[in-house]
Each structure stands twice: as structure tokens, then as C-alpha cells.
Amino acid sequence: MNVASVQVEIKDDETKEQRIQRVESTLDTLEGYDLIVLPEIWATGYFSFDRYTEEAEPMDGPFVARFSAKAKALGAYLFAGSFVESDGDKFYNTSVMFDPQGRQIASYRKIHLFRYGSDEGKLLTRGDDITVVDTSFGKVGLATCYDLRFPELFRRQVDRGAELLLVTSAWPHRRLMHWNLFNQVRALENQCYLIASNCAGTTRGTLLGGHSQVVDPWGVVIASGGEQEAIVKAQIDLGQIAHIRETFPQLKHRVLR
């Protein structure tokens, strides 16, 4: 299957609507792809904490509606990244996934909220539910940025059948080594493909890391972006997962559960 991770540059002089239109235009170039992945809170900008509540939307708001329509127009699975979701008096970092008919097939409220030099943990409520979704090509686990530091989340997803892990992120450049390491290790230790989409650019004084990537079940990065806006493209074969897990059965050799 043909997959693409869209690495979006976050520009502080750009409005939410301008950025959405720009990303929609980028997505229009990806006709024929089976799965497309976008980064974390890219429309508002992760580090624009002062805009979170102002630009928050309910699940039935315009953000979800627009990317539902875009998935249908492209005939692709679209992991649209995350947005600030409003639900009553609470706000969440919520990612959404659509099938090729534009149906919303999954949502995930970020469980591990970042608090190190970030207001995310002050402004938002953490999610409680692990998300693994059925698709025509297999089971997919959804995760967001800081989640990468918590291996138990991904192992729970594998226990529920995940063969492909999708990560939406706004990871800073100053911890780029960690980003690269965690993406490779999460794929390797769980014998899964992993597709990660990160933001790029400098926003609110923070340089974002870029380096969106596609990692195979051996932990090998088969495609990666640099530090600028980019589309990372690759071909993956989920049919390899069962063979790899059978010939090198590390998951069967687990003792501690």
C-alpha cells in the first residue's frame, strides 16, 4: 500500500483557516495514496496555547466535516492528526481517522498530556481509552506525540491486534534524538510498521523537529523527512507482519504481562 506522512510547517503569521486551506491543497496532490497521516494540533499550532479554547471545536464541527469530505474525495484512509476538541466544559487533544468513504472510523483523546514547558496539561483533559481501529488492510493503533515515551500503550495496542502504529506529533527539535529513537524502538519492539507525522518550522519561539518517518517492523526507517515542510512517501506491505512475527517470535516469548 502507498502511504504518505504530511509534515506541516507551522507559521505564526498564518491563521487556522489559512493553514487548513494550505494543507487541503497539499492533500489534493496525494490522489492514489491508500493512507495519509497529518501531525498534532497542526491547524491551531500546538504551542499556541492562548488559542486553544478560542479555536476548539466539537466533534461534529467544521474540522471533522472538512477532513471527512477530503478523505472521501481522495478515496483514502486519512488520519487527520489532532485538533483541540471541546466537549461540554472540557477540552481534549483529539485525533480523528476517516475511511475512503469519508466515514469517521476512530477518534483518540491523547492519554499522556505534556507538561514539560507546555500548558497542554493545564488546559486539556487527558483521554482514557486506547484506540485500535479495524481497516481493510488490518488493525491500526493511534497515538499522539508524548505517548511515544510510554511503551505500555503500544504494547496494549499490539495485544489488541495492531499491526500498524500511527503517531501524530508536534515534537520539538531540541529532543530530535529522542524522537528518532522512540519511533524506531516502538516499531521494533512491537514488530509493527509505524508512520509518524511531525510538525516543522519555528512557532512561539520553539523549533519543531520535523523528520516525519515510516519505520518497518525491524526498526528500519524506510522513509524520512528533513526539517522543512515535506511529504514523506513510502510503500509498505502489512502482509509481512505475520511472517516476521512467526520467524522471529519475540512477542510469543514474553514472560511479564
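Modeller: Let us begin with His211, which is buried, because its relative accessible area is 17% and the cut-off for buried is under 20%. Please bear in mind that this is a predicted model.

Colleague: How many disulfides are counted here?

Modeller: The general idea is that a disulfide is a covalent bond between the sulfur atoms of two cysteines. In this structure the count is zero. For Cys145, the closest cysteine sulfur belongs to Cys199 and is 8.5 Å away, which is too far for a bond, because the rule asks for sulfur atoms within 2.5 Å. Cys199, for its part, is in no disulfide, and its nearest cysteine sulfur is that of Cys145.

Colleague: Are Cys145 and Cys199 buried or exposed?

Modeller: Cys145 has a relative accessible area of 9% and is therefore buried. Cys199 counts as buried too, at 1% relative accessibility.

Colleague: Which residues have the most contacts inside the largest nonpolar core?

Modeller: They are Leu35, Met97, Leu164, Leu166 and Ile195, in a core of 44 residues. There is also a second, separate core of 38 residues, which includes Ile20, Val23, Ala71 and Ala170. With residues up to four places away in sequence left out, the contacts of Met97 include Leu35, Tyr77, Leu78, Phe79, Val133, Leu142 and Leu166. Arg103, Gln104 and Thr135 are also among the residues that Met97 touches.

Colleague: Is Lys70 buried or exposed, and which residues is it in contact with?

Modeller: Lys70, in helix α3 (residues 62-74), is buried, because its relative accessible area is 14%. Apart from its neighbours within four places in sequence, Lys70 is in contact with Glu24, Leu27, Asp28 and Leu78.

Colleague: Is Val255 buried or exposed, and where is it found?

Modeller: Val255 is in the segment after α7 (240-247). Its relative accessibility is 73%, so Val255 counts as exposed. Between Val255 and Val132 there are 24 Å in space, C-alpha to C-alpha, and the two are 123 residues apart in sequence.

Colleague: At what angle do helix α5 and helix α6 pack?

Modeller: In general, two packed helices are described by the angle between their axes and the distance between the axes. Here α5 (residues 151-159) packs with α6 (residues 176-190) at an angle of about 35°, and the axes are 10 Å apart. The crossing of α5 and α6 is right-handed.

Colleague: Which residues of α5 and α6 meet?

Modeller: From α5 come Pro151, Phe154, Arg155 and Val158, which meet Arg186, Glu189 and Asn190 of α6. By class, this contact between α5 and α6 comprises three nonpolar, one polar and three charged residues.

Definitions and conventions
Residues are numbered from 1 along each chain as its sequence is written. This is a predicted model: local features need pLDDT of at least 70, side-chain atom pairs count only at pLDDT 80 or more; totals for chains, interfaces and linings use all residues. Side-chain values use heavy atoms; hydrogens and water are left out. Buried means under 20% relative accessible area, exposed over 50%, partly exposed in between (1.4 Å probe, protein chains only). A nonpolar core is a set of buried Ala, Val, Leu, Ile, Met, Phe, Trp, Tyr and Cys residues joined through side-chain atoms within 4.5 Å. Contact means heavy atoms within 4.5 Å. Axes are lines fitted to C-alpha atoms, for helices over the stretch in contact, and angles run from 0 to 180 degrees between N-to-C directions. Helices (H or I, at least four residues) and strands (E, at least two) are DSSP runs, numbered from the N terminus. A crossing is left-handed if the near helix is turned anticlockwise from the far one by less than a right angle, and right-handed if clockwise. Ala, Val, Leu, Ile, Met, Phe, Trp, Tyr, Cys and Pro count as nonpolar, Asp, Glu, Lys and Arg as charged, and the others, Gly among them, as polar.
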